[in-house]
Amino acid sequence: MRIEQDKNMFTALRHRDYRLYWIGAVISFIGSWTQSVSYQWLVYEITGSKLWLGIVGFAGSLPLFALTLFGGALADRVNKRKTLIVTQSFFVVFAFILGLLVQRGVIAKNFEPAKYIVTIIAVMQGIVLSLDQPLRQMMPATLVPKEDLVNAVMLNSSAFNGARIIGPMLAGYLIARFGMASCFYVNSASFLAVILALALMHKETPAAKAKNKSLVEDTIEGMRYILNHSQIKKLMLAVGVSALFVMPYATLMPVFAKDILHSGVKGNAALLTSVGIGALAGTLTLAGASKHEGRGKMLVLASAVGGILMILFANSENFLLSRLLLIGLGFAIVSFNQTANSLIQLASDDRFRGRVVSGYAFIFLGLAPFANLQAGGLAEALGAPATVTLWGLVFFATSVFLLSQKDMMAVKPPDHEAEIEITSQKDLRLS
């Protein structure tokens with residue numbers, strides 16, 4: 001059976017429960033991006049250290065490495081709607097506590113324990129996120145029929161990348177007008193939109209029936225399948241390169257804004273907004289490309305162009321030029337990550353698709369702690385421009401590797417069966 005992507009990207013919104021969920025997600029994503037910009041700037045302000053930017057990023061994403069593989073399997077065993085209400089409630093509390101501590105001056109440059117407090121909160125958020133993310137990824141499939149699933153996933157991705165434009169701009173305005181704490185309060189309130197949407201839903205999302213195999217046995221079987229499938233294994237390797245050497249550039253954005261481009265917190269927000277513009281454009285472009293033919297070439301082109309743009313951005317000292325380069329870079333990175341994800345799912349057998357997606361999430365999100373740590377360490381030792389230049393060379397080299405692999409140019413469904421292309425919003429870190 002083949003599921004074609006509908007030309008109208010908005011058909012999934014005709015379903016009431018998904019419409020509620022999507023509106024709540026849009027508001028929540030804007031709040032999350034508002035906090036993300038503020039959080040990175042806050043860490044750099046109170047520590048003045050590139051290494052600590054990496055340490056806090058490492059600590060916050062370490063639970064994703066430890067728990068992601070099991071989080072997806074666990075999500076199958078719980079009521080998704082009710083569990084999401086619980087996880088979202090935790091995020092309300094975490095963001096509110098951060099705002100309160102910043103407002104009261106507890107998290108401040110002149111208070112030494114401040115960096116440890118933000119690290120602890122980052123770890124707690126990461127633990128909840130390891131369960132929350134698989135649940136949010138699975139919600140569209142529970143709220144819309146199969147013929148609208150791709151539309152629903154693309155809508156989620158568009159909401160996420162659209163929020164990357166609005167969130168940083170809102171953060172810059174709030175910080176300038178009301179102070180840093182206001183960004184965390186706004187994020188805390190934004191999660192209430194998702195909770196309200198979940199509470200108003202009619203459709204239940206019960207736990208799946210218990211399996212005969214244990215959680216560990218299912219996980220091991222999926223890992224064996226990935227390692228024995230040549231195309232999927234190579235695509236996973238490409239995703240690993242992106243997670244380790246491409247995505248961490250955003251961690252160093254405050255360094256470029258403050259020390260190189262001398263544009264301050266508003267400049268930092270503007271740079272991240274530029275990335276969001278490119279990412280949204282990339283998502284919408286991919287939404288119109290429903291066929292898998294040529295996706296292998298797109299993967300090569302995205303990594304080659306992305307690598308060159310990273311190198312140019314790393315060595316730019318002009319604020320306007322940097323913004324233009326970041327628009328292109330956002331487009332290239334989203335195109336690379338989402339194309340890799342769709343090809344991985346296209347090549348996988350139906351019986352293993354869920355576990356293959358969990359493997360993708362494990363690499364893309366689970367490697368984030370090590371990516372953030374090496375980002376901070378390399379930037380401290382070599383400087384941010386040299387570090388991002390090195391990453392750009394690695395990204396470009398990935399295109400050369402993929403081009404040399406002939407089977408990467410023609411990824412097809414196994415035995416020409418069940419062709420389902422579903423692109424992910426995750427570029428989750430958080431792309």
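How many helices and strands does the protein have? The protein has 15 helices and 0 strands, where helices (H or I, at least four residues) and strands (E, at least two) are DSSP runs numbered from the N terminus. The model is a predicted one, in which local features need pLDDT of at least 70 and side-chain atom pairs count only at pLDDT 80 or more, while totals for chains, interfaces and linings use all residues. Residues are numbered from 1 along each chain as its sequence is written, and side-chain values use heavy atoms, with hydrogens and water left out.

Of the 431 residues, 59% count as buried; here buried means under 20% relative accessible area, exposed means over 50%, and partly exposed lies in between (1.4 Å probe, protein chains only).

Salt bridges come next. Under the rule that a side-chain nitrogen of Lys or Arg must lie within 4 Å of a carboxyl oxygen of Asp or Glu, the count comes to 3 salt bridges. One of them joins glutamate 45 to lysine 258, with the closest N and O atoms 3.0 Å apart. This pair links distant parts of the chain, since glutamate 45 sits in helix α1 (residues 16-47) and lysine 258 in helix α9 (residues 253-260), 213 residues apart. Glutamate 45 is partly exposed, at 31% relative accessible area, and lysine 258 is also partly exposed, at 31%.

A further salt bridge brings together the side chains of arginine 16 and aspartate 17 (2.9 Å, N to O). Aspartate 17 is buried at 9% relative accessibility, whereas arginine 16 is partly exposed at 34%. Glutamate 112 and lysine 115 also meet through their side chains in a salt bridge (3.0 Å, N to O), and lysine 115 counts as buried, with 18% relative accessibility.

There is also a nonpolar patch to look for on the surface, formed by Ile308, Leu312, Phe396 and Val400, with about 350 Å² of accessible area together. Patches are made of residues with over 30% relative accessible area and no salt bridge, joined within 9 Å for like charges and within 5 Å for nonpolar side chains (Val, Leu, Ile, Met, Phe, Trp, Tyr). Helices α11 (295-314) and α15 (384-404) each supply at least two residues of the nonpolar patch. Leucine 312 belongs to helix α11 and is partly exposed, with a relative accessible area of 46%.

Note on methods
Areas by Shrake-Rupley, 256 points an atom, 1.4 Å probe, with all protein chains shown as cover.
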